[in-house]
Structure formats: structure tokens, C-alpha cells
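Please consult the sequence and the model shown here while reading.

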Amino acid sequence: MPHTIKDKKKLLTRVRRIKGQAEALEKALDSGHSECLQILQQIAAIRGAVNGLMSEVLEGHIRVHLMNENADPAERETDLDAIVAVIRSYLK
């Protein structure tokens, strides 16, 4: 995927941020000292970060693969079906 290679640094920064947020959540749960609202806020922050990552990769995929005018129509249709399946599984 050329767009993930081109945006590798930015995507890895997002992934590392998510990793840090998940580690902070784990520590908060493990310590038992955090309030429920703090835990919920951390979960919401992680979800937002994952949604942002998904959005960025999805947009790149659509722009590079589905909007490629040189691609074979059958290939584009197959790719469209695959991305719809990914989106459906993500939204479950």
C-alpha cells in the first residue's frame, strides 16, 4: 500500500500514542486507585485515537486504490467489496 509507506511516520506516531494510552489504562486498572470516570475517559480517548487512525488509513486507501482511474473496473469492484467488508467488521 503506497499510501501507508508514504505516511509511515505519521501512522506509527498515532499507533505509538494509542499504545501509550492503552498502557496508561492498564496501569490505572491495575492500581485500583482510579475513579470510574477517569477510566471511562481513557477508554474514550483510546477509541477516538483508533477511530482517527482508521479514518486516515481508510481515506488513503480510497484515494489511492478506489479513485485510481487506471485500475481495471473489476479490480476496483473487488477492492470496493473488500473495503466494505472491513468497514462493516470495524463498525460491529
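Three salt bridges are present in the structure, a salt bridge being a side-chain nitrogen of Lys or Arg within 4 Å of a carboxyl oxygen of Asp or Glu. The model is predicted, so local features need pLDDT of at least 70 and side-chain atom pairs count only at pLDDT 80 or more, while totals for chains, interfaces and linings use all residues. Residues are numbered from 1 along each chain as its sequence is written, and side-chain values use heavy atoms, with hydrogens and water left out.

| Salt bridge | N to O distance |
|---|---|
| Lysine 10 and glutamate 56 | 3.2 Å |
| Arginine 14 and glutamate 56 | 2.8 Å |
| Arginine 63 and glutamate 59 | 2.8 Å |

Lysine 10 belongs to helix H2 (residues 8-31) and glutamate 56 to helix H3, 46 residues apart; helices are DSSP runs of H or I with at least four residues, numbered from the N terminus. Arginine 14 also lies in H2, so its pairing with glutamate 56 ties together parts that are 42 residues apart in sequence. Glutamate 56 counts as buried at 18% relative accessibility, whereas lysine 10, at 46%, is partly exposed, as is arginine 14 at 25%. Here buried means under 20% relative accessible area, exposed over 50%, and partly exposed in between (1.4 Å probe, protein chains only).

Arginine 63 and glutamate 59 both lie in H3, four residues apart, or about one turn of the helix. Arginine 63 is exposed at 58%, and glutamate 59 is partly exposed at 41%. Through shared partners, salt bridges join Lys10, Arg14 and Glu56 into one network.

How values were computed:
Helix = DSSP H or I, 4+ residues; strand = E, 2+ residues; numbered from the N terminus.
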